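Me: I have a model open here and want to go through a few local details. Can we start with a sheet and then move to the rings?

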Amino acid sequence: MNTATAPRSTSAARFWREASELLSSMRFAIALLTVICIASVIGTVVQQQQPSPNYVNQFGPFWAQLFGMLGLYAVYGSWWFLLILAFLVTSTSLCIARNVPKILADLRTFKESVREQSLLAFHHKAEGQTAESPEQAQSRVGTLLTSQGWRVKVQTRGNGVMLAAKKGAANKIGYIAAHSAIVLICLGGLFDGDLVVRVQMWAQGLTPIVSGPINPQDPTHRLSERNPAFRGNLAVAEGTRANVAMIALPSGTLLQPLPFDVELKQFKVDYYNTGMPKLFASDVVIHDRETGHTLAGTVQVNHPLIYKGVAIYQSSFEDGGSKLALRATPLGGGGGVELHGTVGSSQMLPEALSGGQPMMLELTDLRVINVENLGAPDAAASGVDVRKVDLASQLGEHLGSGDKAADRKNLRNVGPSMTFKLRDAAGQAREFQNYMRPVELDGARVFLAGMRENPADPMRYLRIPADENDSVAGWLRLRAALNDPAMRAEAVKRYVALALPAGRPDLAPQLTASASHALGLFAGAEHAKQGSPAPGGLQGISDFIEASVPPAERERASEVLIRIVNGTLFELLNLSREQAGQPRLPTDDATRRFMATAVLSLSDSFFYPSPVWLELDSFEQVQASIFQVAKAPGQKVVYLGCLLLTLGVFAMLYIRERRLWVWLQPAENGGTTIRTAFSSNRQTLDADREFERLQAALLLAPATEESA
């Protein structure tokens, strides 16, 4: 029985011994550090904790799913990163446990028992003779070395005296400090990371919130108030309190209750002359629910407020439920309607505004300050065609807040804007952003109406010209008139009366038919008669020319039709102004600029996926602060580790461990024979020079021909 179990015991012991050697080896630790460095690079290059559609849009469906499975969107909280940190802690701890006893033993010993003959084998060695007695030489050498910071131990032998000295023992202490620092930093990172939260999820059976409404009191998603380590976000609107933070995980969101309430009294933001934020801060009051104690303070960027070990940082700010007054006007014509709502609320649009289709209006944001770069080159000069389906996608040249190279001199606050979504009966939503004030682009004052299909897409803008009152009302009347057959017919009649050559009344029927057809194409009426889904605008005219006109005549036909459309639209505009009780516009430069922009915006409006124009009339702003609340007991451990790492690396790089042996032996002809040897853990020029100085001081003369 013993014979059979002995090989198995030996194999098991050998396996654990080899595994321990591997885990505590330098090559294993370096491999782990290399993987951590690569993971850190990935975590820096790939934006972390972003919405899934952003990654699909950036990498494609296949790679986005693969990267998500590998945890690359939350690298520092992924299971494999935490596992690597745990292995690094284990490896470094084993390395410390294996080497520290040897280092401590080496620090205690002076190696004074070395044989005097072995000193001749050192690289740095010297030998000489002085007239001193051995006792005098011993006293002098001991005093000399002690005065220079050497620790000396004397061993008296039958034939002489060995003085063993050492200096720079902090070099080995630096090794211990540096390796201990790695353990401390990793432990602090593990403790302050997601590990504690994940353990609580496993122990308490908690599940993260993936979607849907959030109930702060739901125990299935709620962590303990005594959670020792967490980091989450807390949103507080002005005049309200909050006490539950949101912890974002790759799989969803967990709720972290705080032992106190945070009340936001006022949010303050200062701006530079360009309109860029200079400083934002929050005046808060902490309400301790257990003691009833209150603490007032101000939270600024990089100046947190700390209470009961929880640090409150100013992270960001957003709208906290501003009250909006809107003017809704159907693009197809009809009277406007006043709408009221708060940011974050939703309401069904009246059927008169939604074209008879169920449509939900969701108010998502109000931005009072919008700093944009308005100094970009002219869009027309750079070849931008705003008549494309993307609604002037190249307008980003004018709105350069996302352009890091934007000229700060051209930054300008373009005023408030509101963001909203229109959701149809199928649940599909499009996002819109409308500006309250007009901005000047390409020499014309225009209102910007942005839209996008997906949150990951950039905004695409429709540019609507402002009338002489800096209002969008003139364009809206023209857009409604374009949908009215009677007004189109009257506009054609007036155009023909003005454009008909003198003395040629016979051309009136032909010109009337051409103008009616051209304006009908632009309005989309001709395609509607044929049951075609093709849109109106310039695209409708282009489709007609390509389908009906020979290639050789298309250029001339385009010029004629565009000229007719411009003329009839001008008459249609004046007709709409007449019905509104306004005078006819003069044919000056301002009118021509307005008409040039109006024609393009009318053409683009057929691709604008909203049946209604929403205009921000007024608002009552309510701000909300986004705080990052963190309880990080491992922070001090990490700071201690960083200090030890700095001291340890400094000690290992700049402190040299040196040992010196001096053998004193009575000379045959009187006096004392001195033999010395010197060693250093790094062979450098400094070590050579130091030994030369020691040699001269010990031997009381330059090195003899026997010295190295």
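Me: What is the strand order in the open sheet of three strands?

Reply: The order is β12-β11-β22, and the pairing is antiparallel. Bear in mind that this is a predicted model.

Me: Which are the edge strands?

Reply: β12 (337–342) and β22 (612–620), each of which pairs on one side only.

Me: By how much are neighbouring strands turned against each other?

Reply: On average by 30°, with direction ignored.

Me: How many bridges between β11 and β12?

Reply: Six, in the antiparallel sense, with β11 covering residues 323–330.

Me: And what stands opposite Val-337 in β12?

Reply: Ala-328.

Me: OK, rings now. How many aromatic pairs does the structure hold?

Reply: There are 20 aromatic pairs. One of them joins Trp-63 and Phe-67: the ring centres are 5.8 Å apart and the planes make an angle of 35°, so the pair counts as tilted.

Me: Is Trp-63 buried, exposed or partly exposed?

Reply: Partly exposed, since its relative accessibility is 44%, and that class lies between 20% and 50%.

Me: What about Trp-150 and Phe-678, how are those rings arranged?

Reply: Edge-to-face, with 6.5 Å from centre to centre and 70° between the planes. This pair links distant parts of the chain, as the two residues are 528 residues apart. Trp-150 is in the loop between α6 (134–147) and β2 (151–157), while Phe-678 belongs to strand β25 (residues 672–680).

Me: Are Trp-150 and Phe-678 buried or exposed?

Reply: Trp-150 is buried, at a relative accessible area of 3%. Phe-678 is buried as well, at 2% relative accessibility.

Me: Back to Trp-63. Which residues are in the cluster that ring pairs link with Trp-63?

Reply: The cluster consists of Tyr-55, Phe-59, Phe-62, Trp-63, Phe-67 and Tyr-73.

Me: Last topic, charges over rings. What lies over the face of Phe-110?

Reply: Lys-166, at 4.6 Å from the ring centre.

Me: And over the face of Phe-606, which residue is it?

Reply: Arg-479, and there the distance to the ring centre is 4.9 Å.

Technical notes
Residues numbered from 1 in each chain as written. Predicted model: local features only at pLDDT ≥ 70, side-chain atom pairs only at ≥ 80, totals over all residues. Heavy atoms only, no water. Pairing = 2+ DSSP bridges. Helix = DSSP H or I, 4+ residues; strand = E, 2+ residues; numbered from the N terminus. Axes fitted to C-alpha atoms, helices over the stretch in contact; angles between N-to-C directions. Phe/Tyr/Trp six-rings, centres within 6.5 Å; stacked < 30°, edge-to-face > 60°. Buried < 20%, exposed > 50% of the residue type's maximum accessible area, 1.4 Å probe, protein only. Lys NZ or Arg CZ within 6 Å of the ring centre and 35° of its normal.
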